[in-house]
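Subject: Model for you, with notes on its contacts

Hello,

Please find the model below. My notes come after it.

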There are 4 protein chains.
Amino acid sequence: MGHAGKVKIAVLGGSGYTAVELIKILLRHPHAEIVAVTSRDAQPVSDYHPSLLGRLDLVCEPFDAAALKAKGVQVAFGCLPHGASMEAVAPLLDQGIRVVDLSADYRLRDPNLYAEWYGESHHDTKNLAHAVYGLPEIYGANVRDARLVANPGCYPQTGILGLAPLVAGKLIEQTGIIVNSLSGVSGAGRTPKLAYHFPECNESVTAYNVGKHRHTPEIEQALTHVGGSPVQVIFTPHLVPMDRGIFSTIYATPLRAVSEAEVLAQYREYYTGKPFVRVRTGLPSTKDSVGSNFIDLAVRVVRGKIIVLASEDNLIRGASGVAVQNFNLMHGFDERIGF
Amino acid sequence: MGHAGKVKIAVLGGSGYTAVELIKILLRHPHAEIVAVTSRDAQPVSDYHPSLLGRLDLVCEPFDAAALKAKGVQVAFGCLPHGASMEAVAPLLDQGIRVVDLSADYRLRDPNLYAEWYGESHHDTKNLAHAVYGLPEIYGANVRDARLVANPGCYPQTGILGLAPLVAGKLIEQTGIIVNSLSGVSGAGRTPKLAYHFPECNESVTAYNVGKHRHTPEIEQALTHVGGSPVQVIFTPHLVPMDRGIFSTIYATPLRAVSEAEVLAQYREYYTGKPFVRVRTGLPSTKDSVGSNFIDLAVRVVRGKIIVLASEDNLIRGASGVAVQNFNLMHGFDERIGF
Amino acid sequence: MGHAGKVKIAVLGGSGYTAVELIKILLRHPHAEIVAVTSRDAQPVSDYHPSLLGRLDLVCEPFDAAALKAKGVQVAFGCLPHGASMEAVAPLLDQGIRVVDLSADYRLRDPNLYAEWYGESHHDTKNLAHAVYGLPEIYGANVRDARLVANPGCYPQTGILGLAPLVAGKLIEQTGIIVNSLSGVSGAGRTPKLAYHFPECNESVTAYNVGKHRHTPEIEQALTHVGGSPVQVIFTPHLVPMDRGIFSTIYATPLRAVSEAEVLAQYREYYTGKPFVRVRTGLPSTKDSVGSNFIDLAVRVVRGKIIVLASEDNLIRGASGVAVQNFNLMHGFDERIGF
Amino acid sequence: MGHAGKVKIAVLGGSGYTAVELIKILLRHPHAEIVAVTSRDAQPVSDYHPSLLGRLDLVCEPFDAAALKAKGVQVAFGCLPHGASMEAVAPLLDQGIRVVDLSADYRLRDPNLYAEWYGESHHDTKNLAHAVYGLPEIYGANVRDARLVANPGCYPQTGILGLAPLVAGKLIEQTGIIVNSLSGVSGAGRTPKLAYHFPECNESVTAYNVGKHRHTPEIEQALTHVGGSPVQVIFTPHLVPMDRGIFSTIYATPLRAVSEAEVLAQYREYYTGKPFVRVRTGLPSTKDSVGSNFIDLAVRVVRGKIIVLASEDNLIRGASGVAVQNFNLMHGFDERIGF
C-alpha cells in the first residue's frame, strides 16, 4: 500500500489514553499516516500500549519540532498535559506544522481566566490569540483554516452542545444552570493515584471538585459566545466506576412555558446537518455512544424545568475523535471519515 | 445458646435482595430470632441465597398469618413487592403481629397520591391511616409505638435527610429543588430484565423515569411535613454500574446569602444525637457507607446555590438497615444495636 | 458514495451481540454493503441497538431466502441460535447465497457428536458434509471456496490456537490437557437470566458447566485434525465480571524436557504469516485484544508443565471478527481488511 | 457499655485494606476492644478509612511496643508489609504481647525458603522457630497456646483446604497438581500502581507471576505436612476486575479411579466440625462467600481428573477474618464469635 496523498502526522505524548485512542482512529483513516510518536522514553509505542502490537511499529522519540518537520509532518496532535503543551506549540507552528492540541492550554481566550483556573500564567499568548476552539458543531467554519486548534474538553462538549440550542433560542435563564456530570475513570488520565486505584473507585461513586472544576469557564465561554451575553453554569463532576463515558444531566429554567415537543424541535433544527449529534426521543445510555464520535442528546420538561440528557465517549467524542473530526475539517475531508 | 428474651421474627418474601440483607443483620442482632421466612416456593432459604448456607437453616413457608402467630412471631418484616404487601399487612395486624413493611404500600398518607403514582387504588386505607413513616431521624418518636411502620424508600432517605435541615431552617426556596440521584443496580430488585442484564448496564450510565419516579411524592410528603408548607422537588434517578450505593446531588436556592460554614453548622445541629447521620466536611463516596446503616452528608455553596451531597447503602440504610433501626426503636433498644 | 463492487450482505438474527458487532465491522469494510437484517420483529435495527442510530438505517425483516436473493444478497452471516440456524442454511445455499454461520450447527463434523452434546439430532447432514470449519489460521485454504463456513466458537479458538503448535510439533501428551477459561458475560448472549443479572454476576466469579461444556468436542476435533491422532481436553469455563474478553490458561505435559525458548520458537514459527495471532513474550491481558481481531498467546514452562496463556475479544475474534476474516478469505481480500 | 473482660487489642499498620476489615470485625466482637492503631502518620484512623467515621475514634500512633504494653494491649494484629513485620514482632513478644501476624514473615518454617522466595534473609529466626501457622482447620490445636500466629495467605488457604482431604486420604498424585486462582484487586494492597489503576485492570483479566508467586511454597509446606511427604503444586494467579474474592480451580490426578460421590464424602468427613468450611454440591460463586469467613468447596470428577472449586473472601477468610478466628482459638472463645 502506498501512502500517496496521505497527511503525515505526529502524535505528541504517546503514553496516555487519548494518544492510544487517537492512534487507533488514525490507523483506520484512509488519508492519515502516523510518522512519529513522541514521548520522554525512547521505547516502542506498543510497550506503552500492547493493544497496538502488530498495528503500529514506531519507537517513540523525544519531542523536536525540526526533526518532525524533517520527517514531513504536516499535522501534530498534542496529547500532552496542560502546561507542557504550551511549550510544544510555538516551535511546531514556527515550522509550519498545524496543531490540534488536546490539552486545555489554548481553550480559554482570556489568559487571565487561564491563570485564575489553572493556577499559572499563560506564556504563549501570541498563539493563544489565533487559536480556534475546536468544537466543530459551533466553530466548524473557523476550524477549516486554523493553524492551531484547541480541541475541546470532554465534559464541556456535553454542557455546550447540551445547552446551545436553548441559549441560541433565548429559551432559558442564563444563570443558575446546573450541569451535573458523570464520568468514567479514564477521564482522570493514566497516572496511578489512590483515588483511581481499583479497589477505591470500583463499586463507588463520588463528586469531586464541586464548584471548582476547570471545565466551568470553558463551558461558559462557548455558551456566552452562542448566546451573545454571559452564561453562568454550576458544574458538578462525579466519578463513576466504568472505563469511559460521560453522562450529563442538565437543568435549565425556561423564560416562558415550553412544551417538550417545542424544545425537541428546537434541538432537531439546531443540529440539522451535524452528523455526530443524535437528538433522540428515548433516554441515552453512555453505552450507546462509547466507541463512537457521537454525542447523544435528549430533552424533557419536568415541573417547569428543562432537563437535557447528554452522553458521549469521553476519550473519542470527548477528545481523540473530535480531534480527528477537526483534522477532517482542516483538510476539507468529510467530517465522518475515519469513524 | 438459648433465645430467652429474643424477639421472634418473620421475614416475608425471602427471595430478594432486601430479605437477604435483612436476614444477615438480624442474624447478628442479639435480641432477634428469625423463626420463619415466607416465599411462594417451599425451598430452603439458602437455595435462594447460598451466602446463608450454614447460617440460617430455615425452609421457606407460604404466607399464613395465623401460622406465624402460632410460631410466636412478634414482628414481621415485609420484603414483598408493593401491592402484594397490602394483602399481608391486615391479617398480620389482626393477629397482633407488628409489621415493618419495606414496600411502598403504606408510605404515602394520601391514598389518592398512591393511586396516582402507583397506578392502582389503595385497598387497605384502614391500616394506612395509622401507619407510621419509618424515617427514624424525623419520625422516630412515632415509630416507638407503631403497630405498622412504613419503611422509607432508598432514594427518598437521601433526599429527605439531605434537605431537612434546610427546610426546617427556612433557608431555601421550596420549589425547583433538584435531587439528582445515582443508584447501584441492586435497587432494581432481583428479577432479570434486559435493562439489568450485565452486558447492557455494566460500563454504562443512564437516567430513567425522568420526572416520573414514584419516590418523588414520598420525598415531598416528608419535606412538606418538616417545613410545614408544600415542598416540590425535581427528582432524576440514574443507574450506575455497581451493586449498591446511592449518591444524591441536591441543588437548592437559598432565600438569602448564606455561607458554607453557616449551612454546615445548621446540619451539625439538626443531626445532633442522630448516630446514623454523618455530617462530613469532605466529599463522601458511596463506598464509605456501603455495608453500613450510615447516611453521609456534605454541603457546599456554589455560585448562589446550596449543593448537598448525600450517600448511603441502598440495601442497608435504604431498606433493611433502617428497618432494623425501626425495629430497635419499636422495642426500646439502642438504635445502634445489630450494626 | 456509490457501492460499485461491494459485496451485498444479509445479517440473520439481528438482535444479539454478535450481530451488532458484525454490523459495526462491516460498516467500516470498504467492500461490504449490508442490504438486509432479519429478525422476528419488523422494527428498525437501531431499536435493538441504539448505538447504530445514524449509522445503519435498515428495518429488520423476517427471514426469507428468496427475498434476500432478490435483493442481491451474496453472503449471509447467521447470528441465529443453534438449532434455528440449521433451518436457514439450506434455503440460502439453494438460492446460491454463501453462508458464514456463527452458530454451532455446522462445527462438529460428526452428527452423532452434535446429538450427544447439543441434545438433539442434526437435520441438515447434507450441508454439514461440505461445511468448512472457519478457523482461518488452520483451515484457511478450505475457507476460500467454501459455500458454508461454520464460524468457530469463542472459547475453542483460544484452546485450538493455544495448543496447535504443541500438538503439531508432537511436543505434548494428548490426554489430560487442561483448558481453564475465563469469559466476560457477553458470551452468554443477550437473553436476561438470573445468572447474568447485574447484581448476581457483578463482583463475582464462578465456574460453570464443569466437564460438560459444548465447546469441548469442538476443541478436540480441531486439535485431533492438527495432530493426526485423538486429543482430549478438560475444559473448564468460568464467568468473570466484565463485558467481553476470554482468557484461557492451558496446561499441557511435554513428552520430553523442553525450554521456554524452544516452545516460544515453535509458536513463532507456527504462526509466521498469520496477521491476527500475536505471539508475545509478556503476559497478555484481555484488554490488549478487546476491540480487535487479535488473539494473543504467551508460553511458560513451569515445573515440568507447559503453560499457554491465550487471550481474545470473545465477540470480535471469538465471533464476528473472525467471521469477517472468513468473509475476506472467501472473496480473496486481504484478511486484515475492515479491522 | 463497660469493657470488663474484653481483650485489649492493637492493630499495627492501620492504613491498608486488611486493617480496616479487621477493625470492622473487631468492632462487632463482644470480647474485643481496640485500644491502639499504629501508623507512620499520626492522623485519625478515619482519615485513612472514612467508613470508620463514627465507629472508631482513635488517632494512629507510631509503633512502640512498650507504649502498647502500657495501654494494656494483650494481642497485636500485624497488618504490616512483609519485612516490616519482622521488626515489630520481637519487641511485642518481649513485652508479653501475643501476636497474630498477617504478613508472610513467619509462615515458611524454613528460613532458606523465605530467602529464596522473598529475596532477603530472615532476621528473626528465633521467633520463627516457635511461630504457629494459623490455618485453624489444620493447625487449630497449635494455635490455642501460640504466642505468635503466622496468619495464612489468601491464595494458600484455597489451595490447602481445597486439597487437604485428597492429600490426607492419599487419593492423588503429589506432583503436577494445578492450582489456577483468580483474585479480586484488593489482594494487591492499597498502594497505587499502574497495574491496579482502574482503567487498566477494569474490564480485563490477566495472569501474573506465573510459576513465581510466593504463595507456592506456603501451599506446599502445609500440604506436605498434611500428606507426610512432599507435595508440589503449579500455582497460577490471575487478576480479575472485582474488589474482593478468590476463586481457585484445582486439578489433581487420582491414584485410582474415584467417583464424584466418593470424593465428596471424603470432603464432608474431613471438614466435619469445621464451621467455616462449606462443602457444597453446587458450584460456588465468590459472591456467596464475600463478606464472610466461609470457604466454599465443591468437587467434580472429569475425564480422570479431580477438579476442586474453592472460593473465599480474600480480605476476610483470606486475611482478617481468619485472624479473628485465630484470636478466638487463642482465647478459648467459640471460633464463630464476631462473624
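This is a predicted model: local features need pLDDT of at least 70, side-chain atom pairs count only at pLDDT 80 or more; totals for chains, interfaces and linings use all residues.

Residues are numbered from 1 along each chain as its sequence is written, chains are lettered from A and ligands numbered from 1 in the order written, and side-chain values use heavy atoms, without hydrogens and water.

**Chain A and chain D**

Here 20 residues of chain A contact 20 residues of chain D (contact: heavy atoms within 4.5 Å). The buried area is about 1700 Å², with 59% from carbon and sulfur atoms (accessible area, 1.4 Å probe, that two parts lose on being put together, summed over both). A:His197, A:Phe198 and A:Asp243 supply 38% of what chain A buries against chain D, more than any other three residues.

Two salt bridges link chain A and chain D (a side-chain nitrogen of Lys or Arg within 4 Å of a carboxyl oxygen of Asp or Glu). A:Arg190 and D:Glu200 form a salt bridge, at 2.8 Å from N to O. On the chain A side, helix 9 (residues 198-201) gives the largest share, four residues (helices are DSSP runs of H or I, at least four residues, numbered from the N terminus).

**Copies**

**Domains of chain A**

Domain 1 covers 7-152 + 318-330, and domain 2 covers 154-313 (bounds from an automatic or database assignment). Their C-alpha centres lie 24 Å apart. The contact takes 25 residues from domain 1 and 30 residues from domain 2.

Between them, about 2300 Å² is buried, 55% of it from carbon and sulfur atoms. A:Tyr17, A:Trp117 and A:Glu137 supply 30% of the area domain 1 buries against domain 2, more than any other three residues.

Two salt bridges join the domains. A:Arg244 forms a salt bridge with A:Glu21, the closest N and O atoms being 2.9 Å apart. Helix 1 (17-28), helix 5 (111-118), helix 7 (136-143) and helix 13 (316-330) each supply at least two residues of the domain 1 side.

Best wishes
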